[in-house]
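This briefing is meant for a reader who is meeting the structure below for the first time. Please look through the sequence and the model before turning to the points that follow.

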Amino acid sequence: MGVADAVPGLLEALEAYRNYPAAQQPAWPDQAELAAAMAELATKPPLVFAGEADQLMERLAAAQRGEAFVLQGGDCAEIFAESDANRIRNKIRTVLQMAVVLTYGASLPVVKLGRLAGQYAKPRSSDTEVRDGQELPAYRGDAVNCFDFTAEARRPNPWRMVDAYHHSSSTLNLTRAFTMGGFADLRRVQEWNRGFTANPAYARYDELAAQIDSAIRFMAACGADFEALKSVEFYSSHEALLLDYERALTRIDSRTGLAYDCSAHFLWIGERTRSPEGAHAELLSHVRNPLGIKVGPSAHAGDLLRLIDKLDPRHQPGRITLITRMGAGEVRAVLPGIVRAIQTANRPVVWVCDPMHGNTFTTASGVKTRRFDTVMEEVKGFFEVLREAGEVPGGLHIELTGDDVTEVLGGSEEIDDAALGRRYESVVDPRLNHQQSLEMAFQVAELLQG
Ligand code: PEP
Ligand code: CO
């Protein structure tokens, strides 16, 4: 990738975001320090390649046609101190296990997208946090500052974006090794799923797991090439929040002269930064990656269409994924209007359900959580609304960990209020644990079989 070959005007266009209102950016205390860190980032190799992003675009176009199903999952916020091999392996293992169940349920290939290798920046509802009368900058993710509540830890430090790059790089390297190197072997993943349903708490999914077993035996009898099924395509994604970071990792593809944000294969714009007139829309309108847009219950259909027009003026299939996060109580009332508006305007989009972010609440004891049943209720509502409108429910976007945490209430191995305190590790949003994630996959597979 060389800079010399950019199509005319593109390099200027990539700087234009600086003149647009940018929501949710850290107040970097020292501009010279910021410039030095960005200059360093600009020298780094890309994390992903243009051709991979193009391939994902094709996979997403297939999902839009109803020929594939998307599974996007991972942490709300990745943490530097937790990007170790075991945690990464457990997360990937969880996504692979869910994907096998969903592949069977949908009878379709599953497009696997990790919320990982770059999910280090978070939007916040307030710029500052007050504890015991002391006011400090809010924690904005490990790419910006540190969670500890001291003035030094909370100071936005642009060099942390360089650290985020390195953590993304090592996470992606391990992810590529796991997904290409035999760890993803279909027969092994199904064995893990059998281990899950062997637990009496999940006996109700035993029949579906047995059906998958029998499908795999049938494939073997037909001479399926299981060697080829030892590796899977696995893509990276995160919220494109920190504009300077995303700009520094945007590179010109020397084959085409077009720009790609090489920090991840897929980038999404969050609920709080999706203004069609904002800097996030401006910067991302010039990169060729497939893009997501979070769509909450307050979304105005006209604004959303203006944003889609800005990001996808050529109506390219696979370019735009709408990740709806309405809340279980709102999805049936609000989503139909949004779907109709997109249908009327005839825009190609992939519809993906994020049943997490509209269903967060704080318990009496002050813990941020979600209820498994409420999350499932939103997924059901999403399927109903899309099917009613004659559209394809194209995928699922969830916050999960592969570990045994206790952050979301419910599930067959009931986590109750008291259990929440046992192993609550998330510094931002509560995640489904390994078992809850698999349970969701089995329930969504049942919905897909509809
Ligand atoms: C998130 O995905 O963690 C997030 C902040 O979501 P949203 O932009 O939908 O609120
Ligand atoms: Co979140």
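This is a predicted model: local features need pLDDT of at least 70, side-chain atom pairs count only at pLDDT 80 or more; totals for chains, interfaces and linings use all residues.

**Briefing on the model**

Thr-406 is found in the loop between strand E14 (393-399) and helix H14.

**Thr-406**

- Thr-406 has a relative accessible area of 2%, and because buried means under 20% relative accessible area, this residue counts as buried.
- The side chain of Thr-406 reaches the backbone oxygen of Leu-420, at 3.3 Å.

**Helix H14**

- Helix H14 runs over residues 434-449, and its 16 residues reach 23 Å from the first C-alpha to the last, which is close to the 22 Å expected at 1.5 Å a residue.
- Most of H14 is covered, since 13 of its 16 residues are buried.
- At the start of H14, a side-chain oxygen of Asn-433 comes to within 3.2 Å of the backbone nitrogen of Gln-435, while the residue that follows the helix, Gly-450, has a positive phi, near 30°.

**The cobalt ion (ligand 2)**

- The cobalt ion is coordinated by Cys-76 through SG, His-357 through NE2, Glu-399 through OE and Asp-429 through OD, at 2.0 to 2.4 Å.
- Along the sequence, these donor residues follow the spacing C-x280-H-x41-E-x29-D.
- Cys-76 lies in the loop between strand E1 (69-74) and helix H4 (85-106), and His-357 lies in the loop between strand E11 (350-353) and strand E12 (361-362), so the pair ties together parts that are 281 residues apart in sequence.
- Are Cys-76 and His-357 buried or exposed? Both Cys-76 and His-357 are buried.

**Ligand 1**

- The residues around ligand 1 are Cys-76, Arg-115, Lys-122, Pro-123, Gly-270, Glu-271, Arg-272, Lys-294, Arg-325, His-357 and Glu-399, and this shell divides into 2 nonpolar, 2 polar and 7 charged residues.
- Cys-76, His-357 and Glu-399 belong to the residues around ligand 1 and are also among the residues that coordinate the cobalt ion.
- Polar side-chain atoms lie 2.7 Å from an oxygen atom of ligand 1 in the case of Lys-122, 2.9 Å from an oxygen atom of this ligand in the case of His-357, and 3.1 Å from an oxygen atom of this ligand in the case of Glu-399.
- On its own, ligand 1 has 300 Å² of accessible area, and the protein covers 96% of this area.

Notes
Residues are numbered from 1 along each chain as its sequence is written. Chains are lettered from A and ligands numbered from 1 in the order in which they are written. Side-chain values use heavy atoms; hydrogens and water are left out. A residue is near a molecule or strand if one of its heavy atoms lies within 4 Å of it. A polar contact is a pair of N or O atoms within 3.5 Å; within protein, one must be able to donate a hydrogen and the other to accept it, and residues adjacent in sequence count only if both atoms are side-chain atoms. Accessible areas come from the Shrake-Rupley method with a 1.4 Å probe; for residues, only the protein chains shown count as cover. Ala, Val, Leu, Ile, Met, Phe, Trp, Tyr, Cys and Pro count as nonpolar, Asp, Glu, Lys and Arg as charged, and the others, Gly among them, as polar. Donors are N, O and S atoms within 2.8 Å of the metal (3.2 Å for Na, K and Ca); water is not among the atoms, so sites may look incomplete. Helices (H or I, at least four residues) and strands (E, at least two) are DSSP runs, numbered from the N terminus. Buried means under 20% relative accessible area, exposed over 50%, partly exposed in between (1.4 Å probe, protein chains only). The expected span of a helix is 1.5 Å times one less than its number of residues.
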